[in-house]
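Here is a walk through a two-part model for someone who likes to know the cut-offs behind the words. Keep the viewer open and follow along.

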Amino acid sequence: MIKVDAVTKMFKRRGHTFQALGPVSLNIEKGEFVTVLGSSGCGKSTLLHIIGGFEVASTGGVLLNGQPITHPTRKLGMVFQEATLFPWKTVLQNIAWPIEQTGKSKAQALDEATVYLDKVGLHRFGGAYPNELSGGMRQRAALARTLAMQPDVLLMDEPFGALDAQTREEMQEELTRLWQTSELTVIFITHDITESIFLGDRVVVLGRKPGTVMEECTIDLPRPRDAQTKADPKVQSYRTHLWELIRQSTTI
Amino acid sequence: MIYRNRRPSSELWAITLGFPLVLIILWEIAARSHVFPSYMVAPSIILREALSLVTNGKIFAQMGASLYRAYAGFIIGSAVGVSLGLLSGVSRPVQDLFDTVQGFVHAIPKISLFPAIAIWLGFSDASRIIIIALSCFFPAYLNAMNGALGINPSYIWLSKNNEISRLRCFLQVIIPASLPRVFVGLRISLMVAFILMVATEVIGHSNGLGSLAMSSYEDGQYAEMYATILFIAVTGYFSNLALQRIASALCRGQQLNQEEHRK
């Protein structure tokens, strides 16, 4: 479904060109949940931005169903690090906003938005303004807003990175539940090893300088996954393995 | 949270109202003691004068003339300022186009242009409104521009992700996101409008509150002069209050920042 083909990214700094990323090649199947794991500065966000069409690759390219991605599209819905809800709109109005952009009336968009509001468990908070919500609830609302775009692919850029540990775990379980009942393809960026294992069908480990794929690790944990999955002894062995890889990447 | 560390006003009114009350009482005592010269007019006399200006209706014509100038100048100047400011914030060419002119004219105290404009239009309402508008332009322009420049870049990405046009993004995202900062500019502009309203009315043959205060001074009618100043303060206060009400209604959910970029 998504084919990342030898993507690189060069930056110019004080006249010097340095390679921040790649070449990276990846194949992502429809309905797959892929997590991209890497330490900070490995270019994992840059990779996601290129897949989303927000940044342009220096060489190589990304194909979505055989078509090159040249600019952001509604088919690839982005969930940002911070919730980036519009503070002047209520939660429901925020979720309705992408629906309005398809030319539907305000009333109809608000009506359809309630479906997504319920999906993320915020039905009681539709009338609240974002600054009245906790960080976790805001990120839920942002997720609902992206789902309201009806994308084929969710691009998630460390969306739970700013949340406290407990909320983060809840959100991981929530996302797993949501994804398991959908046909979404997800590319999820994280630096949290356990998160990458719990969420992903496959963990793509990015090394540093320049960011390249060190390993693609298929996670063989049963679906559907839930809170109990985290106690699976396999999780521990995956963690040891991935931690070793990350350590290697940072010492090079 | 929008309201930080705010104790309920019921607990604070004693302090907020008590302090000015104490000052006024001290002033009253000082004026009645006859230690100070007679032009130290007691607040009670000023208030009586103010009441008589209201009851004989004399003040309203002056107030109307003044507010007409201040509001006309404020609305024209800040409307142009906000519009161009927002455009400059989203478009580098527009910003560059105005940059030099703006920086140069900004440095001129606008009141000093009054005679230059009077050559063309005389010391008329039109030239007064032009001076007020010109002065209101800059705080409105600069704050609107900085508001648009400073919006969260993720909002722009979000707009691109939703494949909306630049115009739509401007109208639906950039304008509302810039509003709190726009209102910072408007509050300064309004204050500036009142300053220049008085300043321009004092110069040349005019009516209005500024002119009344000046002619009362010249006639030695100090109670009337103080009463007029009181009316200037009251109109300014309520105008600002109205603007703040509009701001909080339009910026619901957003933090209204208190930072001010003055000139």
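## A tour of the model

With 11 C-beta neighbours inside 10 Å, B:Tyr237 counts as exposed; the scale here is that a residue is buried if 20 or more other C-beta atoms lie within 10 Å of its own, exposed if 12 or fewer, and partly exposed in between, with C-beta atoms placed from the backbone. You'll find B:Tyr237 in helix α10 of chain B, residues 222-250. Helices here are DSSP runs of H or I with at least four residues, strands are runs of E with at least two, and both are numbered from the N terminus.

Some housekeeping before going on. This is a predicted model, in which local features need pLDDT of at least 70 and side-chain atom pairs count only at pLDDT 80 or more, while totals for chains, interfaces and linings use all residues. Residues are numbered from 1 along each chain as its sequence is written, and chains are lettered from A and ligands numbered from 1 in the order in which they are written.

Zoom out to chain B. It has 10 helices and 0 strands, and its C-alpha trace spans about 75 × 55 × 30 Å along the principal axes. Of its 263 residues, 34% count as buried. Take the contacts in chain B between residues at least 6 apart in sequence: 76% of them join residues at least 24 apart. A contact means that the C-beta atoms of two residues, placed from the backbone, lie within 7 Å.

One helix pair in chain B is worth a look. The axes of α7(B), residues 153-161, and α8(B), residues 166-202, come within 11 Å and cross at roughly 160°. Those axes are lines fitted to C-alpha atoms, for helices over the stretch in contact, and angles run from 0 to 180 degrees between N-to-C directions. The two helices are therefore roughly antiparallel to each other; angles under 35 degrees count as roughly parallel, over 145 as roughly antiparallel, 65 to 115 as roughly perpendicular and the rest as oblique. The crossing of α7(B) and α8(B) is right-handed, a label used if the near helix is turned clockwise from the far one by less than a right angle, with left-handed for anticlockwise. On the α7(B) side, B:Tyr155, B:Ile156 and B:Ser159 meet B:Cys169, B:Val173 and B:Ala177 of α8(B). By class, that contact has 5 nonpolar residues, 1 polar and no charged. Ala, Val, Leu, Ile, Met, Phe, Trp, Tyr, Cys and Pro count as nonpolar, Asp, Glu, Lys and Arg as charged, and the others, Gly among them, as polar.

Where do the two chains meet? The contact takes 17 residues from chain B and 16 residues from chain A. Helix α7(B) turns up again, giving 6 residues, the largest share of the side of chain B that touches chain A. That side of chain B divides into 8 nonpolar, 6 polar and 3 charged residues.

Now over to chain A and its helix α4(A). Its 13 residues reach 18 Å from first C-alpha to last, close to the 18 Å expected at 1.5 Å a residue (1.5 Å times one less than the number of residues). The helix is mostly covered, with 10 of its 13 residues buried, including A:Arg138, A:Leu143 and A:Leu147. The buried residues pack against β6, α2, α3, β7 and α5 of chain A.

The α4(A) and α5(A) axes come within 10 Å and cross at roughly 25°, so this pair is roughly parallel. Its crossing is right-handed. A:Gly135, A:Gly136 and A:Gln139 of α4(A) make the contact with A:Thr167, A:Glu170 and A:Met171 of α5(A), a set of 1 nonpolar, 4 polar and 1 charged residues.

Finally, a few backbone details. Most residues other than glycine have a negative phi, and most peptide bonds are trans. A:Ala6, in strand β1 of chain A, has a positive phi of about 45°. A:Gln150, in the loop between α4 and β7 of chain A, has a positive phi of about 50°. The peptide bond from A:Arg223 to A:Pro224 is cis, with omega near -5°.
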